[in-house]
Amino acid sequence: PTIISARSCAPTREDYPPAAVRAEATGMTRVRFNVDASGRVSGSELVRSAGPSREHKLLDRIAMSKLSQCQFKPGTDEHGNPVGGQATVEYVWNLE
């Protein structure tokens with residue numbers, strides 16, 4: 001299987017949009033994504049939004065953007081050839 005760890009490209013405090021901070025928007029963004037045989041994200045979809053407001057949608061967009069920058073280690077098939085995979089990641093947004 002592909003080795004999935006999105007921790008290194010998770011949004012940081014610096015990524016929190018000022019509008020979301022002012023609105024005290026918190027929540028969890030869940031994203032399902034595909035990784036190709038080279039280890040790059042080849043597609044993603046929002047499974048669960050951080051919340052209903054415009055500020056929550058900003059958080060969702062940042063999570064998707066950060067994830068698209070990730071590089072993963074592809075898995076291998078029975079012949080040793082690299083293969084992709086699919087995973088889901090959850091980003092928790094809090095102001096602490």
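Which residue in S5 stands opposite Gly27?

Modeller: Trp93 in S5 stands opposite Gly27. First, the ground rules. This is a predicted model, where local features need pLDDT of at least 70, side-chain atom pairs count only at pLDDT 80 or more, and totals for chains, interfaces and linings use all residues. Residues are numbered from 1 along each chain as its sequence is written, and side-chain values use heavy atoms, leaving out hydrogens and water.

Now the sheet. Strand S1 (residues 27-35) pairs with S5 in the antiparallel sense over 9 bridges. Strands are DSSP runs of E, at least two residues, and helices are runs of H or I, at least four, numbered from the N terminus. Pairing takes at least two DSSP bridges between two strands. The open sheet has 3 strands in the order S2-S1-S5, paired antiparallel. Strands S2 (41-48) and S5 (85-93) are at the edges with a single partner strand each, so one side of each has no neighbour in the sheet.

Next, confidence. pLDDT is the predictor's confidence in each residue, from 0 to 100. The chain averages 91, and 96% of its residues reach 70 or more. Among its elements, S3 has the lowest mean (87) and H1 the highest (97).

Cys9 lies before helix H1 (18-22), and Cys70 in the loop between helix H2 (54-68) and strand S3 (75-76), 61 residues apart. The S-S torsion is about 65 degrees, so this disulfide is right-handed.

Terms used: A disulfide is a pair of cysteine sulfur atoms within 2.5 Å.
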